[in-house]
Amino acid sequence: MKKIVLSVLSLGAALSLNAQSEHHASWLKDASVYQIYPSSFQDTDGNGIGDLPGITSRLEYIKSIGVTAVWMNPIFVSGWTDGGYDVIDFYKVDPRFGTNSDLVELVNKAHSLGLKVILDLVAGHSSDQCEWFVQSQEADPNQRYSDYYIWPTFKPEVKASKNLAGESDYTELMNQANNIVSKFVESKAPRGPHFVKNFFDTQPALNFGFANPDPTHPWEQSVDAPGPQAMRREIKSIISFWMDKGVDGFRVDMAASLVKNDFDKSATIKLWKEDLAKWFKQTYPEGVLIAEWFNPSQSIEAGFDIDFFAHDGVYNYSTLFFNMDRMTGGPATCWFELEGRGELNTWYDLFIYQYDKVKGKGYASLPTSNHDFNRPASTTRATVDQEKVYMTFFLTMPGVPFIYYGDEIGLKHIYGLPSVEGSWMRSGTRIPMLWDGSKNAGFSTAPEEKLYIPQDPDPKRVTVEMSENDPNSLLNFTREMLALRNKYPALGNDADWKLINGLEVPYPMVYERTTGSQKCIVVINPTSKAKTTTIPYTGKTPEVIGGSFTKQSYKGDAKKGVDTITISPVSAVIYKY
């Protein structure tokens, strides 16, 4: 009888896992994504700015890396005060990139190569030049787009209540200061003296309503009011317009920003879960939704497939790579450094929380970098050996891998560049791609001074052409790692993950990936010294299947109950049992 009960329980567990995965596109389980900042990738018309035909011309190269999808930052008509994230027309490709037909051609070619195409959806705001906002500014509040935006009639004072200890109520203060009052922008529009922005002043927030409307603030509409409901329909219309042209999904910018005065994000989660994401999955079951939420425990609950666990910022973490001055690249105290002064506790505590929350439901993915934060190849990580170590880490962790363009060749983060189209300190991560030894490294035929952002000035800079011809290049190593990930399910997106060395000895990092009967162990040592560590005794001698190292040794001791691993400086090794 026990055997029957156990079999039923096992079947139930299997059905539960299948049910969890049914709401994801079938291709996600083996997916890997290549992110492109379009202005910096490939210019074909000689104006110094990348374009869609340029991306189309490089799709074979992208395919050769081993990824399965391409995500492009915004390509829509923009005011270019925030790198394309101030959208004027959500239904039209910006002329600097080409035409809507150019995008369809890109999508069709990508699909012929087996690549998916993901666009960037700016759901929380538009440009102040958008037709919707222009009409919304008029005195008549009853036009088509009047309630697409939020028009406060006065600016409330920031007042935090006091608790019994005489301290300000943190929740109330943060709710007001972060979400509303600090986002009021003065306006001379007939509609009112202020509007609410989302990021820059040129990015008025779209109106999805307020979590708890204050009756003394007439501009605070409920999430079910006609204006917010019309805004939801517009977002669905935008999504359908592009999905029906063959696009495979969206990465949603500032996905958590929609409902205002929503400190715990419960109203925003409900909006996505019960409406936008639900509708998307029902309408486009093979489509994917990626959140820029930076809190997978919330975004996956909201119905997204993937969210980022990014190595930047306080809530995610900066201790692995960027516990440094982002403006200057000054002295670093982080885990991926030669000196070995870092610690794993901060990163581990945050990661394991998110991983456990979303396991079996969605993906908490660690990108190599992106358009908003520093590249890993930087002032303190300048050699190909160092680059191979961190790439091993990125491509053996759970979740869907994201490779930012150029990171596969070790494109360096350049500090001290001028701000371009609202990039500010982010210019250094948006530099043009380095393709070959021709003018401007093959990025553009424009005069050097006309390039979108200056390129890496190092005369020894690494290009794709150099990397292709070097069997020991980071590019070819990245290809090997993605191939290894595809070959061994234990290294894949859905396989289990567990740290198996103690946090009290932070070097090397040793973690286990398992699925079914297959198990792999990954050992990472970014320091300039050889490292030795012990793990629980396995009774097996594993096979080395990948990595980058000079020396490694693995010895089991049944009497002591431990396996001892020694790894050379600046090395990574992958074992399979």
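Let's start with Tyr404: leaving aside neighbours within four places in sequence, it is in contact (heavy atoms within 4.5 Å) with Gln35, Tyr37, Thr368, Ser369, Asn370, His371, Arg375, Thr429 and Arg430. Tyr404 sits in strand β12, and at 0% relative accessibility it counts as buried. Buried here means under 20% relative accessible area, exposed means over 50%, and partly exposed is in between, with a 1.4 Å probe and protein chains only. Asp214 is 190 residues from Tyr404 along the chain, and their C-alpha atoms are separated by 43 Å.

Quick word on what we're looking at. This is a predicted model, where local features need pLDDT of at least 70 and side-chain atom pairs count only at pLDDT 80 or more, while totals for chains, interfaces and linings use all residues. Residues are numbered from 1 along each chain as its sequence is written, and side-chain values use heavy atoms, with hydrogens and water left out.

Okay, the whole thing. We have 13 helices and 20 strands in the protein; these are DSSP runs numbered from the N terminus, H or I of at least four residues for helices, E of at least two for strands. The radius of gyration is 25 Å, close to the 25 Å from the globule rule for 577 residues, so the protein is as compact as a globular protein of that length. That radius is taken over C-alpha atoms, and the rule is 2.2 Å times the number of residues to the power 0.38. Along the principal axes, the C-alpha trace spans about 80 × 70 × 50 Å.

How much of it is buried? Of the 577 residues, 57%. Looking at contacts with a separation of 6 or more, residues 24 or more positions apart account for 67%. As for the surface, the protein exposes about 23400 Å², with carbon and sulfur atoms supplying 53% of that; the areas come from the Shrake-Rupley method with a 1.4 Å probe, and for residues only the protein chains shown count as cover. On charge, there are 57 positive and 69 negative side chains, and the centres of the two sets lie 7 Å apart. Lys and Arg count as positive, Asp and Glu as negative, with His and the chain ends not counted.

Now the inside. The largest nonpolar core has 131 residues, and Tyr34, Met72, Trp272, Trp347 and Phe393 touch the most other members. A core, by the way, is a set of buried Ala, Val, Leu, Ile, Met, Phe, Trp, Tyr and Cys residues joined through side-chain atoms within 4.5 Å. Helix α8, residues 266-283, gives this core its largest share, 8 residues. Apart from it lies another core, of 15 residues, with Trp27, Ala69, Phe308 and Phe402 among them.

Let's stay with α8 for a moment. Beyond four places in sequence, Trp272 is in contact with Val252, Ala255, Leu258, Ala277, Lys278, Trp293, Ala302 and Phe304. Ala277 lies in helix α8 and counts as buried, at 2% relative accessibility. With residues up to four places away not counted, Ala277 touches Trp272, Leu289, Ala302 and Gly303. Ala277 and Asp305 are 28 residues apart in sequence, and 9.6 Å apart C-alpha to C-alpha.

Which loop holds Arg381? The one between β11 (363-365) and α11 (384-394). Arg381 is buried, with a relative accessible area of 1%. Its contacts, leaving aside neighbours within four places, are Phe321, Phe322, Cys334, Phe336, Pro376, Gln386, Glu387 and Tyr390. Pro526 is 145 residues from Arg381 along the chain, yet their C-alpha atoms are separated by 9.5 Å.

Asn261 isn't a glycine, but it has a positive phi of about 55 degrees. Asn261 lies in the loop between β8 (249-253) and α8 and is buried, with a relative accessible area of 15%. Glu421 is another residue other than glycine with a positive phi, near 50 degrees. Glu421 lies in the loop between β12 (402-404) and α12 (464-468), and at 22% relative accessibility it counts as partly exposed.

And where's the cis peptide bond? From Tyr507 to Pro508, with omega near -10 degrees. Pro508 is found in the loop between β13 (496-499) and β14 (509-515).

Terms used: Charge placed at Lys NZ, Arg CZ, Asp CG, Glu CD.
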